[in-house]
Amino acid sequence: MSPVYFDHNATTPLDESVLQAMLPFFREHYGNASSRHEFGRAARQAVDDAREQVADAVGAHPSQVYFVSGGTEANNLLIKGVAARLKPSQVAVSAVEHPSVTVPVQELREHGWKVRRLAVDHAGRIDMDEAKSALREPTGLMSVMLANNETGVIQDVASLAELARSAGALVHTDAVQALGKMPVNFATLNVHAMTLSAHKIYGPKGMGALILDKRLDIKPQITGGGHEKGLRAGTENVPAIVGFGAACMLASDRLAQSSFNLEQMRGRMNQGLRTMGAILFGDGAERLPNTSYFALPGIEGETLVMALDRAGYAVASGSACSSGGADPSPVLLSMGVERELARCAVRVSLGRGNEMSQIERFLQALQDEIFRLKKLAAIAV
Amino acid sequence: MIKTPIYLDYSATTPVDPRVAEVMIPYLTEKFGNPASRSHEFGWEAEKAVEQAREQVAALVNADPKEIIWTSGATESNNLAIKGAAHFYKAKGKHLVTMMTEHKAVIDTMRHLESEGYEVTYLKPEPSGLVDIEKFKAALRPDTILASVMLVNNEIGVIQDIAALGEICRAQGIIFHVDAAQATGKVAIDLAKLKVDLMSFSAHKTYGPKGIGALYVQRKPRVRLEAQMHGGGHERGLRSGTLATHQIAGMGEAFRIAREEMAAENERVRSLRDRLYKGLSQIEEVHVNGDMEQRVPHNLNISFNFVEGESLIMAIRDLAVSSGSACTSASLEPSYVLRALGRSDELAHSSIRFTIGRFTTEEEIDYAIELLKNKIGRLREMSPLWDMFKEGVDLSTVKWASH
Amino acid sequence: MSYSTKVLDHYENPRNVGTFGKEDEGVATGMVGAPACGDVMKLQIKVNKDGVIEDAKFKTYGCGSAIASSSLVTEWVKGKTLDEALTIKNTQIAEELALPPVKIHCSVLAEDAIKAAVADYKARHGEMQGEMVETAACKG
């Protein structure tokens, strides 16, 4: 029996209709979108259409959409690109950002920037007073993710953006995890820039976009050939761009229904986890409907995910990028979770293919594993 | 019956080989895991595919798989190699050497470094398109930290003597980067022998997918780079970002096929190219751009004198070809590569790059020859310059009204 | 680049391509542009005793829009007096052919070709001294 996939925040399977949209661009319409002949023009048309689909999905204008190789590149491009054009001042980021934000931000220190981490409360939310106090310092850029990859906690980006704007700062939000799981609107969020990724919304890996207010002048990071209006060089990855467009359409079409289904399943999941004595992280905060992040005190997260893998369930401990590291999740630590407990963290992230019956069976399997592991531990002692 | 337009633009991009597509699709659908997921089968399966592809790419160029770093394409590889090395070794010096005929991804990256205070020498090639070794040597200085020369030129297909250039650089402790985007599957590359420190690769020029490339980073002697894209620390910290498993698997398969089939394929393609060349040679006043000997077998770049480039492209809409390189053909500027060779603007404007590939047939070549003969004839009928040439007027002595 | 159907029509079926015989009477020639700019237009007009252009021919080295512009003006100048021909403006040509902004210079060149041909005619027939026409080539 094939394992049950509960790791949709790490990546998602490609939707069948997205695959069908992409396939003709590998072998039939394979032209280089920069070529002027028919093959090139067909590719260019497909890229333009996808740009519209992406823009539509997030309430942006197609001219604000820049295709890049993924969320990591979009975050790097925005942060380094903005910083290169501004006089060094302060850059403010939340304490729970993805490494593709935190690491480039650290790099800025070499160029004279000060980094201000915006602390979060026990539920993972940025405190408005904390943001206000940070913005008393001259701030060039604020970057706050819309929804967190580990906890699924949603930040009030619109309010933060208003604060930042009135303090004269540019605002960026990493909406990679939010897209497809909650309404995302570039105009309403009132940010200057936003990061998106295709493979978290049943689209292909290797594709993402930076949505950018056109008044923003940012320095390109990959040069050579003038693609994407000079902001990002490199032959357009046409099949992936087409796939991203198709995935965006699906995400919008299915948002309401899928949110409802996910919420139902996650509710049952959390209820079951509570009865087993699990601690739920981000509880009480507004969260994405698909994410359960929990710990069973005394059971190492790594041990539990391995056991669950053997039982046929694919889940994660911490985020995929830092998986393999023995250090507890920095996100949890910044929420004030004890190191011991943070080491026990396990993330279940549900998706389109999951069903309620899988949740029921998972809870049963988890119960069995807990029992087995506790027995092992007892023997070891 | 010939299906038009006929694709003769394999240096702009190639269709994905059906075998490559077959390898890719499972990694889009059922084997969709994130290769960085270390906690379940989906992730391990994806990681295995990534490592197998790394071996396949390394095998084509005789490198160690550990020396292969995945990127989003050759443009990114060139950016990472040049900026990454220049930044890391800036204490040693701030001078770089390259050629005027490099791809924009190299030229623009060099310009970027100039804006950061580096100094760059852009070498002019010989009229053949090849670099003169002595002139290259003369351009190197004690503070030169990196030289970048492409193996195969994208427009004229000439092959540079990177073995000799590598020896020179190595002797002087200069990092040598080679853009090999156009070379894989066309030229044998042996990185165990070549004194090359960094080499850029692209999948979509070799029947693999777009959006994936690689950078060879030599381990012995070790070359250091400053990462250009930061985040989760993928690719040993040199390049962060979720790995696109299907694209990587596709590149691996494409390079496997290239390794196994390039000898036979190049012979077939060369005979088609020679057939095209022979056919077009029957037209008066055609000029080949670039050396015909030191050249990849699939490229023919020809200027048709007394015919204007855009009207020529319009006349041969049944052929999908390039005038200038794909990346610059949206502009009306004549090709900077041909100008560097000393070609006049007129001849640069009327140049056509034909690049033949795996799926080109003899019938298509014959069709192309006939079409060109007809259309060139028609355009010359319409050209006042052709009249003057036929009357024996030396056009270079004419005083044009506008100047 | 996409061309308008009118440009394509003139390009595929150019009107009045050719050259008048050297001995033909009433023939004047205007040649404008330069090979280095990518366009050279040669417009010939044949003017009858009443000063009316009764025929016109062209040869053009240039892009599709340049060929179409010159083809179009050979049609337009026919039946016009020299002075009437001089009223043809590049904006009319550009509008008729729906030229994109990057191709406006082709229509400018066609207008210049008319001026040059008329000036050549007048110079040959002693109405005025041969005056160099300032053209605006190489703007594209």
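This is a walk through a predicted model, stop by stop, with something to select at each one.

Some housekeeping before you click: residues count from 1 along each chain as its sequence is written, and chains are lettered from A and ligands numbered from 1 in the order in which they are written. Local features here need pLDDT of at least 70, side-chain atom pairs count only at pLDDT 80 or more, totals for chains, interfaces and linings use all residues, and side-chain values use heavy atoms, with hydrogens and water left out.

**Stop 1: the two domains of chain A**

Colour 4-11 plus 255-373 of chain A as domain 1, and 16-250 as domain 2; these bounds come from an automatic or database domain assignment. Taken over C-alpha atoms, their centres sit 27 Å apart. Now show the contact between them (heavy atoms within 4.5 Å): 28 residues of domain 1 and 29 residues of domain 2 take part.

**Stop 2: the largest cavity**

A cavity here is a set of points, on a 1 Å grid over the protein atoms alone, where a 1.4 Å probe fits but cannot get out; its lining residues have an atom within 4 Å of a point. Points are joined across faces, edges and corners, and a volume is the space filled by probe spheres set on them. The model has nine cavities of 30 Å³ or more.

Select A:Gly234, A:Thr235, B:Ala74, B:Thr75 and B:His204: of the 37 lining residues of the largest cavity, these lie nearest its centre. The volume of the largest cavity is about 440 Å³. Next, show strand E2 (65-68) of chain A and helix H3 (74-88) of chain B, which each supply at least two lining residues. (Helices, H or I with at least four residues, and strands, E with at least two, are DSSP runs numbered from the N terminus.) H3(B) gives the largest share of this lining, four residues.

Colour the lining by class and you get 13 nonpolar, 17 polar and seven charged residues. Nonpolar covers Ala, Val, Leu, Ile, Met, Phe, Trp, Tyr, Cys and Pro; charged covers Asp, Glu, Lys and Arg; the others, Gly among them, are polar.

**Stop 3: the second largest cavity**

Go to A:Thr72, A:His98, A:His199, A:Lys200 and B:Thr242, which lie nearest the centre of the second largest cavity, out of 32 lining residues. Its volume is about 330 Å³. Keep your domain colours on: domain 1 and domain 2 of chain A each give this lining at least three residues. Helix H4 (residues 71-85) of chain A contributes the largest share, four residues.

**Stop 4: a helix pair in chain C**

Select helix H1 (residues 5-12) and helix H2 (residues 64-77) of chain C, which pack at about 80° with axes 8 Å apart. Axes are lines fitted to C-alpha atoms over the stretch in contact, and angles run from 0 to 180 degrees between N-to-C directions. H1(C) and H2(C) are therefore roughly perpendicular, a label for angles of 65 to 115 degrees. On the H1(C) side, show C:Val7, C:His10 and C:Tyr11; the H2(C) side includes C:Ile67, C:Ala68 and C:Leu72. The contact residues divide into five nonpolar, four polar and one charged.

**Stop 5**

Back in chain B, the B:Thr4 to B:Pro5 peptide bond is cis, with omega near -5°. Another cis bond runs from B:Lys220 to B:Pro221, with omega near -10°. Finish at A:Glu228, a residue other than glycine with a positive phi, near 50°.

How values were computed:
1 Å grid on protein atoms, 1.4 Å probe; cavity = no way out; pocket = protein on both sides within 12 Å on 5 of 7 lines; lining within 4 Å. Parallel < 35°, antiparallel > 145°, perpendicular 65-115°, else oblique.
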